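This report describes selected local features of one protein model. The sequence and structure are shown first.

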Amino acid sequence: MNKPLRRIALFCGLLVLALLIRDNWLQYVQADSLKDDPKNRRVAIERYATPRGDIIVDGDPITGYAESKDNSLNDYKYKRTYKNGKMWAPVTGFASQAYDANQLEKLEDGILTGNDDRLFFRNTLDMLTGKKKQGGNVVTTLSAAAQKAAFQGLGGKKGAVAAIDPETGAILALASTPSYDPSTIAGMTDEKEWKALQKENNPDQPMLNRALRETYPPGSTFKVVTAAAALENGLYPDADTKTDSPLPYNLPTTRTPLKNEGPIPCKDATMRVALKVSCNTVFGKIGADLGKDKMLEEAKKFGFNDSKLDTPVRAATSNFPATMDKPQTALSSIGQFETAATPLQMAMVASAVANDGTLMKPYMVSELSTHNLDVIEQTEPQEMSKPLSEKNAQILQSMMQTVVEDPQGTGNRAQIAGVTVGGKTGTAQHGVANSEKPYAWFISYAKLKDGSSPVAVAVVVEDGLANRGDITGGGLAAPIARSVMKAVIDSKK
Amino acid sequence: MSSTTNPSTQHTSTIGAIGAPSRRNTELALLVFAVVIPVFAYANVGLAIDDKVPTGLLSYGLGLGLLAGVAHLVVRKFAPYADPLLLPLATLLNGLGLVIIWRLDQSKLLQKIGQAGNAAPRQLLYTALAIALFSVVLIFLKDHRVLQRYTYISMVGALVLLLLPLVPGLGANITYGAKIWISVAGFSIQPGEFAKIVLAIFFAGYLMVKRDALALASRRFMGLYLPRGRDLGPIIVVWMISILILVFETDLGTSLLFFGMFIIMLYVATERTSWIVFGLLMSAAGAVGVASFEPHVQTRVQAWLDPMHEYLLSQAGVKDGVVHSEQAMQALWAFGSGGTLGTGLGQGHSELIRFAANSDFILATFGEELGLAGIMAILLIYGLIVERGIRTALAARDPFGKLLAVGLSGAFGLQVFVVAGGVMGLIPLTGMTMPFIASGGSSVIANWALIAILIRISDTARRPAPAPAPNPDAEMTQVVRP
């Protein structure tokens, strides 16, 4: 009986060997792919096992963490908290245990959770010294004062503000109302709060980042781009040459008259005057005269039609139509037809003018750092394009200053004592047959006495009252832009 | 061993030299390790979870040490020549199992769904009962050949044990998986675990008597030796009844186990390779047959082939008449997340397996927290137990002892393979418990009894042959006369 016994012994040995091989396959060969499988809940547990790093504004964190208490499973240890979450939501995005994360929280997740390879050295050091792993920090370019001014300025109105430092492209304010507090959806059991914020349950869309991710018809503020195109293409040599524009002006090849808002002096008006009182006829004709290709080229230089504008949160693509006939070109050139822009895009337009024609790439993360603020990565300002020559930029500056400084200008309410302010109002009609309340726009920049330009800003208020055209942009949006600019200038002092 | 070796020398080499050392002190030294390692593991879990040494460390250490000590003294007194490895290996597994069960008791998730909380104290109690039964077996079973007398009683006993869960009112009402529990006075018992041992006694007793008839009085049919019906008939009938009962109880793991045990013992008894072929063919036919009408089995096979699909179905809450389980995928994730060295005791998340995390799936926790290294060690310990059992069978001097030892070790080995293979996704999951480490009273008690029987057989096998009777001729040859 011993021979079969030895064979049975061998057989049992083979069974154990098969198990050993299978185990090596599982725990060695396949281990990493199983471990990092996003459906493997351990990935999420690991993610919330350490305090998340902070998002920092002006040296102070606007985020924090708390130990989860609402979690019945108790395996997600820390959850995100936000300081003044409603105000900062368009900057931070949210990080939720149940609903993942978005915007900066999502894009810089590796740094914030501490899992980024660049933190490996620091983590290893912490492990050896027995310290708990901690996420790194994201230092933003934002200005707390500007953000506060923007958020309070918008108040209960629906709208958005984007402010940029024209010289670097650093984003200074990014506000969107109505907003939401990401703290309320940070935990595991916030399903009710989450559902209440969704588009289908809340037509106000509080989670929409209007400053970056929503496009609006820019209305008359687009006339700045049209004016730039006219100057760049030499259609008119300067701001004070009379333009060859009739009144009434029919859209080319049609009998449809292009109307101005009210009885304003637009016949053969100079570009300065046309911008000051916002003549549709003058800029419509400029656009039609230049043609769609030249207009498109200039719009692109300002950042339109760029589908990959990352701040690093990707901005929605602002649109200047590429295929259109002549009358449509005229309409597009005064910010109608299919022209659409994000508030950030219009702030970029103002910033390029203010920065003597050079457009800097907008960014909102200045540094990534470890939790004790050793810098891992620093963002260098980058030139994005040069939509205007320096000379033409200065001409355009003087035109925009007239809009604010001239008693008849539409942007009077943006004036700041002792500061040179240039701006442009806009009222964008939309909806079927312009049935809905128009959007009130204002774009502007400030220039200090030393010639530096610390801030350019774009404001859009969605529920502008439908009274006389540009007065609305000037009345509703300009004061907000003014307080944002003032906040930036005051904080520089 | 080559066929030219003199059969008599071969024989003496397996019974051991006269005056062989008893190896009791080796066993004691190994037992110290088998107790100290789990005690350290216990402290490790406490430090990892609560940052402090668990309060029960002393009582746990003393408890395990005491049980091991008692078992050792019983072996020293009543089975002095027993294999020195079996007891320490079983103690080590049992101790580590207790640690992991206690570790899963700390999981709030498992506490919440009622899968853990006080399983460890209960398991310690069962272990104490198991050591008691272990001692009883060694004290009262002076010679394993006594069991031979109970061949046919064992047959009836095994069938009764297997039928118990089907008795109305006695069978425990358990929704998931197999109907293999009975509840008596608030305790759940799995009679199948005990049936394993009792059936092995029947097979061994019957085959020992009939082995010559089975091996020799056979007809050759299509290259296979088929025995006469009257020799094989009774055993086939009993075996088939067991399998059928288990199929009705949907306990496929155990049916596979019994099948394998039967084939192994038949092969050893008859020395006919054709049994292996025959057995494999039959098991293949049986598996396909059962799978064709049993939705429970079909899901298990699907979960084995595509665990992710089953996971997604279970997450989506698909209701199509069968229970979709995320367990197979969760177990794979647990193993994968452990990697080579594991997360460390107390620092994994195998509680995500939820149902049966501390019983059928306990190996996944070992995998996650002790890693590839830990699992390989555990598997090798099981392998050693099986091989020591077969070594005992080799050493045994009587055919009954040989058959019983190989039947028990083979069944033990198959059980380890079926459970570990199922949890690791090597074969479809069948739902048995990992001997010694899984939470469950019946399993721990039955397996300690199994070890006791093996120790008894090994003691008989290694016991020095009695001193030869004085040879009357010897003296004459020594007388030298001038």
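## Nonpolar surface patch

Leu10(A), Leu14(A), Leu17(A) and Ile21(A) make a nonpolar surface patch of about 410 Å². Patches consist of residues with over 30% relative accessible area and no salt bridge, like charges being joined within 9 Å and nonpolar side chains (Val, Leu, Ile, Met, Phe, Trp, Tyr) within 5 Å. A salt bridge is a side-chain nitrogen of Lys or Arg within 4 Å of a carboxyl oxygen of Asp or Glu. Accessible areas come from the Shrake-Rupley method with a 1.4 Å probe, and for residues only the protein chains shown count as cover.

Ile21(A) belongs to helix H1 (residues 2-29) of chain A and counts as exposed, at 54% relative accessibility.

## Basis of the model

The model is predicted: local features need pLDDT of at least 70 and side-chain atom pairs pLDDT 80 or more, whereas totals for chains, interfaces and linings use all residues. Residues are numbered from 1 along each chain as its sequence is written, chains are lettered from A and ligands numbered from 1 in the order in which they are written, and side-chain values use heavy atoms, without hydrogens and water.

## Cis peptide bonds

Thr177(A) and Pro178(A) are joined by a cis peptide bond with omega of about -5 degrees. Pro178(A) lies in the loop between strand E9 (171-177) and helix H9 (191-197) of chain A; helices (H or I, at least four residues) and strands (E, at least two) are DSSP runs numbered from the N terminus.

The bond from Thr311(A) to Pro312(A) is also cis, with omega near 10 degrees.

## Positive phi

Leu373(A), a residue other than glycine, has a positive phi near 70 degrees.

Key
Buried means under 20% relative accessible area, exposed over 50%, partly exposed in between (1.4 Å probe, protein chains only).
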